[in-house]
Amino acid sequence: MRTKVAEVMTRDVETVQSTASLQEAAEKMRDCNVGGLPVYTGHTLAGIVTDRDITVKATAKGLDPFTAKVEEAMTWKVEWCAEDTDIESAARIMEA
């Protein structure tokens, strides 16, 4: 029997809204000791924001972390799979 994503995934991850400030996102990453957060627009998964997005992309654009929104620095398109996907298939999705 193949191992499913559900057996190895992290549940109850912290998320951030696309309209949150970059400072709010960075603070949440610090508090949760993570380098990235899934980003939602309302109740829809819209993308991901990483510490690199904040420190490199946002800084290169000259964005103010207190006023700039996550949506200005995040990566919008993300691939995902269902928890009943086998991990080999999930690995192929991540590789592609």
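The lining of the largest pocket draws at least two residues from each of β2 (36–41), β3 (44–50) and α3 (87–95), where helices (H or I, at least four residues) and strands (E, at least two) are DSSP runs numbered from the N terminus. The structure is a predicted model, in which local features need pLDDT of at least 70 and side-chain atom pairs count only at pLDDT 80 or more, while totals for chains, interfaces and linings use all residues. Residues are numbered from 1 along each chain as its sequence is written, and side-chain values use heavy atoms, with hydrogens and water left out.

The largest pocket holds about 950 Å³ of space. Of its 29 lining residues, Thr-10, Val-13, Pro-38, Glu-79 and Trp-80 are the closest to the centre. A pocket here is an open set of points on a 1 Å grid over the protein atoms alone, where a 1.4 Å probe fits, with protein on both sides within 12 Å along at least five of seven lines; lining residues have an atom within 4 Å of a point. Helix α3 gives the largest share of the lining, five residues. By type, the lining comprises 20 nonpolar, four polar and five charged residues.

Leaving aside residues up to four places away in sequence, Val-49 touches (heavy atoms within 4.5 Å) residues including Val-16, Ala-25, Met-29, Ile-54 and Val-70.

The strands form an open sheet of three in the order β1-β2-β3, with mixed pairing; two strands pair if DSSP finds at least two bridges between them. Strands β1 (16–17) and β3 lie at the edges, each pairing on one side only. β2 and β3 pair in the antiparallel sense over six bridges, and Pro-38 has Ile-48 in β3 as its bridge partner.

Finally, two non-glycine residues have positive phi values. Asp-12, in the segment before β1, has phi near 55° and counts as exposed because its relative accessibility is 80%. Asn-33, in the loop between α1 and β2, also has phi near 55° and is exposed at 72% relative accessibility.

Key:
Points joined across faces, edges and corners; volume = space filled by probe spheres on them. Nonpolar A, V, L, I, M, F, W, Y, C, P; charged D, E, K, R; others polar. Buried < 20%, exposed > 50% of the residue type's maximum accessible area, 1.4 Å probe, protein only.
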